[in-house]
Amino acid sequence: MTTDSHVHFWRYNAAEYAWLDNTMMPLRRDFMPEDVLAVMQTAAIDACVAVQVRQTLEETRWMLQLADRYRFIAGVVGWVDFRSDDLDAQIKSIAHPKLVGVRHIVQAERDDFLLDESFRRGVARLARHGLAYDILIYARQMPAAIAFASALPEVRLVLDHLGKPDIHGGGYDGWRRDLDRIAAPQNVCAKLSGLVTEADWNRWTIEDLHRYVNAAIDAFGPDRLMFGSDWPVCTLAAEYGQVIDIIRTAIDGRPQSEQDSIFGGTARRFWKLADGKR
């Protein structure tokens, strides 16, 4: 089951999606499962994992309703308030066979946010609920994420977008050192996702991005990496098929078993996904 580990859905309105600024005008519309299904079919991708955008329980419930309607949505990464006194009750209120993880938009927080003890205690509680946690950060927040991952060995963690390296600005060396450090705990996986939008949207090349993909393979190994498109955000810089080609061409010479891990096996093992084929 080939799997896209990172897609988003939304019904657009300006108030709830204020982060879609004037540089992202093409994203100011609805993006729904039927929209991505067509491009997934063309690219021979069987299933996807839907990831939160709004930090509300309401959105998580809505995504789970979509997952009930569309079999190819194999999992949902939602949201809960990790610093709330009723955290366990919140998690129970959204319990669902396809709820596989949760996420907080840490990239919008201060750089040391992941060192917050109350937040970390909340994430630690995910282990008892069988849920994973998506780490969404910028590269400058990697030091805090490294400490966060080291302190939570019992929680399954996945680094979104390889920690958002500053590809456009040439920020490779420091990010590369931090990538090795965050990959050291064996409970951490990473998504080969979000790279085109961290590069120059109009001038990126496959060769530019292969450097980052290869670094991730060196740090994590294929068994802890998963392909993700970051659709529809990726469409600001590339078509869905182009995003897949970046990864496929980078790993084309590797054993088939490693390619299979990156394009579905890791995601299925990490989230314990059911068969989400159409």
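Me: How many salt bridges does a search of the whole structure find?
Reply: The search of this predicted model finds 16 salt bridges.

Me: What makes the contact between R54 and E16 a salt bridge?
Reply: A salt bridge requires a side-chain nitrogen of Lys or Arg within 4 Å of a carboxyl oxygen of Asp or Glu. For the side chains of R54 and E16 the N to O distance is 3.2 Å, so the pair meets the definition.

Me: Where in the chain do R54 and E16 lie?
Reply: R54 belongs to the loop between β2 and α2 (57–69), and E16 to the loop between β1 and α1. The two residues are 38 residues apart, and the pair thus links distant parts of the chain.

Me: Why is R54 called buried, and why is E16 called partly exposed?
Reply: Buried means under 20% relative accessible area, exposed means over 50%, and partly exposed lies in between. R54 has a relative accessible area of 14%, so R54 is buried. E16 has 36%, so E16 is partly exposed.

Me: Which residue is joined to R54 at 3.3 Å, N to O, and why does E58 count as exposed?
Reply: The side chain of E58 also forms a salt bridge with that of R54. The relative accessibility of E58 is 55%, so E58 counts as exposed, because the cut-off is over 50%.

Me: How do you know that E258 and R254 form a salt bridge?
Reply: Their closest N and O atoms are 2.7 Å apart, and the limit is 4 Å. E258, at 22% relative accessible area, is partly exposed; R254, at 31%, is partly exposed. Elsewhere, salt bridges that share partners join R103, D134, D160 and K191 into one network.

Me: Why are the buried residues of α9 said to line one face of the helix?
Reply: The buried residues are Y240, V243, I244, I246, I247, A250 and I251. Seen down the axis of α9, they fall within an arc of 145°, so they line one face. A general rule is that an α-helix has 3.6 residues a turn, so residues three or four places apart point the same way. The buried residues of α9 pack against several elements, including β1, α1 and α10 (256–271).

Me: Why does D230 count as buried?
Reply: D230 has 5% relative accessibility, so it counts as buried, the limit being under 20%. D230 is in the loop between β8 and α9 and has a positive phi of about 60°, although it is not a glycine. P232 is also placed in the loop between β8 and α9, and the peptide bond from W231 to P232 is cis, with omega near 5°.

Key
Residues numbered from 1 in each chain as written. Predicted model: local features only at pLDDT ≥ 70, side-chain atom pairs only at ≥ 80, totals over all residues. Heavy atoms only, no water. Helix = DSSP H or I, 4+ residues; strand = E, 2+ residues; numbered from the N terminus. Buried < 20%, exposed > 50% of the residue type's maximum accessible area, 1.4 Å probe, protein only. Arc of directions from axis to C-beta. Contact = heavy atoms within 4.5 Å.
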